[in-house]
Amino acid sequence: YRTVKLGSGVSRIEVEEETSPELFAVLWPATTARRVRKRRYAVADGGHTWEVDLFAGRDLVLAEVELESPDTPVTLPAWLAPY
């Protein structure tokens, strides 16, 4: 899959599309030295599913949650709040 994310802040545009093997073969070499490896965990909490990414070789952890709308109230889970 190829994912394109646009915008910043709470509301962003995200487009995901399946990529053909031919397009992958053309695009993959352009990612040299820009590739990211991560392990993703899906954590259900408070009626939401949090996606937590641990990036390999980097001191970086990213947590995100999909909301129905930008003004949907969400409370940080206790396990995430300290960060």
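# Patches, strands and rings

Visitor: Which elements give two or more residues to the nonpolar patch?
Guide: Strands (E, at least two residues) are DSSP runs, numbered from the N terminus. The elements are strand S1 (2-6) and strand S2 (13-17).

Visitor: What kind of model is this?
Guide: Residues are numbered from 1 along each chain as its sequence is written, and side-chain values use heavy atoms, leaving out hydrogens and water. Local features need pLDDT of at least 70, side-chain atom pairs count only at pLDDT 80 or more, and totals for chains, interfaces and linings use all residues: this is a predicted model.

Visitor: Is isoleucine 13 buried or exposed?
Guide: Isoleucine 13 sits in strand S2. Buried means under 20% relative accessible area, exposed over 50%, and partly exposed in between (1.4 Å probe, protein chains only). Because its relative accessible area is 53%, isoleucine 13 is exposed.

Visitor: Which strands stand at the edges of the open sheet of 3 strands?
Guide: The order is S3-S4-S5, with antiparallel pairing; two strands pair if DSSP finds at least two bridges between them. Each edge strand has a single partner, so one side of it lacks a neighbour in the sheet: these are strand S3 (38-45) and strand S5 (61-65).

Visitor: What is the bridge partner of leucine 54 in S5?
Guide: Strand S4 (residues 48-55) pairs with S5 in the antiparallel sense over 5 bridges. In S5, leucine 54 is partnered by valine 61.

Visitor: How many residues apart in sequence are the parts tied together by tryptophan 50 and tryptophan 79?
Guide: Rings of Phe, Tyr and Trp (its six-membered ring) pair if their centres lie within 6.5 Å; planes under 30 degrees apart count as stacked, over 60 as edge-to-face and the rest as tilted. Tryptophan 50 and tryptophan 79 are edge-to-face, 6.4 Å centre to centre with 85° between the planes. Because tryptophan 50 lies in strand S4 and tryptophan 79 in the segment after S5, the pair ties together parts whose separation in sequence is 29 residues.

Technical notes:
Helix = DSSP H or I, 4+ residues; strand = E, 2+ residues; numbered from the N terminus.
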